[in-house]
Structure formats: C-alpha cells, structure tokens
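Hi everyone, thanks for making time.

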Amino acid sequence: MEVFPLHAEWFLIQYTHDLRRHEPRNVGIAVNSPAGWHLQFVGERPDGGFDGHKLKSFKLERDYFESWVKYYRRSAESDTWEDALTLQQRRPHNFAISTGGVQLETETNWQAFTARLFGELVADPAPKPGDDFDSRVRKLFRAANITPQENVEMEGLWTPGGPVHRIRFDFGVQQGQGGIIEKVPLRDTPVFSFKGRRDAVQLRDPRTKFIAITEWTGRESEDKIDALLHPLEEIAQTINLEDSTAADQLVEALAL
C-alpha cells in the first residue's frame, strides 16, 4: 500500500455575517506544517493589532473578531485544534473552520506558503454585488431550478487506511442522481485544493459524483489550460459559467 507523505494541512477560517443567508467569507488561513502552526487573518497589522477599516469591509467588529483570533491561535498552540474544528458542529457560530487541503510538495518557507494562500483566498477585494463569481454561480442554480445544500461535509481519507476526516465542500444536491458541486476559479490553489479534497473523499467512497463550476473565455494561455483546466476536467464534470448552455449541462449532470 502506497502512503503519500503529508507535509502540511491547511484550513480556511470563515465568517458568516448573517447565518440565515449561508454566505461565508474567508477571513483567515491556518497551516499546520512540520515547522509548527502559521496563522494569518484579515486586517491584522504587524504589531498584532487590527485595521478597523479593513474589518468593516468584511462586516466584522474589531473586539469580536479579535476574541476569535485569540481563540484560534490558542487552539493551535495548545494542540486543541480538533476542538476548534468541530465547534461549528456542536453549536452554530458566525465563525467556522473549513478543511482546505494538504500540501504535498516540500516547502522551505511555510510562512511564505501561508502568505500565498492568504493572498489567493482571503485578501481579495470585496466582491461587487451581482457580478462576482459566487453570485453568478447562484444565478446558474436558479436557472437550473435547483436549491443545493450549502457547506456540505463528506467523509474522506487523506491517506489509505488513515483516520476519517470531515471534509467540506461548497454545495451538495440530493435531487436526481445527486452530487457535490464546488466553485473552482482557474487558479492554482482553488484547483489543487479541490483535487486534494475530492481525492480524499473518493478514497473513502469512489461512488461520489463531483461537479466543478469554473469559467474560462477561450482567451487563456495554453499553459494555463494545460496546468489547470485539463487536470480539473480529469477529476470532475466541469461546467463553464461562460457557456450559454451551463444550466442545461448542470441539469444533465445531476440527471434531474
């Protein structure tokens, strides 16, 4: 049995301003590496304080956010991260942790790796209402007349024969044949994070169906298509938001 070395596991820390809307935003990154834990949060200054103006763009209150940051740092440092990871299951909160994936390549600077994840997944400008990727995915769901469950968790194995983990995905659908639907922008981290989580679930249950919603215009470079789109198409049925038949493709993929 081949066992792949796991050099680091990383997590997204998410905040949902209104729990009724189920629209979390990424506000932090946590990386458990061989060199220890590395955590980075939105609005955090080098002196340890927080930029109140930046937090407002995420609808965050400084004192409330700071108390959660301290909790997450304490959980990492005291080896009680598993408790923080399952807190949302025990009692719903505005803050939750989502398992992002594993880093299988050797890194020499885990702080830089954390910063790179943060830059790609957290430090994006506030989305423009009605025009951001998430809004367009939701518009696709309405066009296909489906109402997926959000933030679904599946059982997965990071290594063959290893412990079972709860792994989160964007959406799940029970209608028709059902399946897991993930928003996957064509960037390195989203694509390979999805692949890592998808592979872990497939290792636990290879019958699970995956659908990746992404977007490409045909103007992308061949290198980007070869490096990101083709690997995505190999692991999931891929639907392009730019395609006028995207809603029909989604209905067909789910066998509705």
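Quick housekeeping before I go on. This is a predicted model, so local features need pLDDT of at least 70 and side-chain atom pairs count only at pLDDT 80 or more, while totals for chains, interfaces and linings use all residues. Residues are numbered from 1 along each chain as its sequence is written, and side-chain values use heavy atoms, with hydrogens and water left out.

Back to Ser33, which sits in strand β2, residues 25-33. Strands here are DSSP runs of E with at least two residues, helices are runs of H or I with at least four, and the numbering starts from the N terminus. Leaving aside residues up to four places away in sequence, Ser33 touches His7, Ala8, His38 and Trp110; contact means heavy atoms within 4.5 Å. Asp47 is 14 residues from Ser33 in sequence, and the two are 24 Å apart in space, C-alpha to C-alpha.

Now the aromatic rings. Rings of Phe, Tyr and Trp (its six-membered ring) pair if their centres lie within 6.5 Å; planes under 30 degrees apart are stacked, over 60 edge-to-face, and the rest tilted. By that rule there are 17 aromatic pairs. One of them is Phe11 with Trp37, a stacked pair at 6.1 Å centre to centre and 25 degrees between the planes. That pair links distant parts of the chain, with Phe11 in strand β1 (residues 8-15) and Trp37 in strand β3 (residues 36-41), 26 residues apart. Phe11 is buried at 3% relative accessible area, whereas Trp37 is partly exposed at 24%.

Here's another pair: Phe50 and Phe65 have ring centres 5.4 Å apart and planes at 70 degrees, so they count as edge-to-face. This one also links distant parts of the chain, 15 residues apart, from Phe50 in the loop between β3 and α1 (52-56) to Phe65 in helix α2 (residues 62-77). Both Phe50 and Phe65 are buried.

On to helix packing. How do α6 and α7 lie relative to each other? The axes of α6 (residues 188-204) and α7 (residues 222-235) come within 10 Å and cross at roughly 20 degrees. The two helices are therefore roughly parallel to each other, a label for angles under 35 degrees, with over 145 roughly antiparallel, 65 to 115 roughly perpendicular and the rest oblique. Where they meet, α6 brings Asp188, Val191, Phe192, Phe194, Lys195 and Arg198, and α7 brings Ala227, Leu228, Leu232 and Ile235.

Last stop, the backbone. Most residues other than glycine have a negative phi. Lys59 has a positive one, near 60 degrees; Lys59 is in the loop between α1 and α2 and is exposed, at 53% relative accessible area. Asn145 has a positive phi as well, near 60 degrees. Asn145 lies in the loop between α5 (133-144) and β5 (149-157), and is exposed at 66%.

Key
Buried < 20%, exposed > 50% of the residue type's maximum accessible area, 1.4 Å probe, protein only. Axes fitted to C-alpha atoms, helices over the stretch in contact; angles between N-to-C directions.
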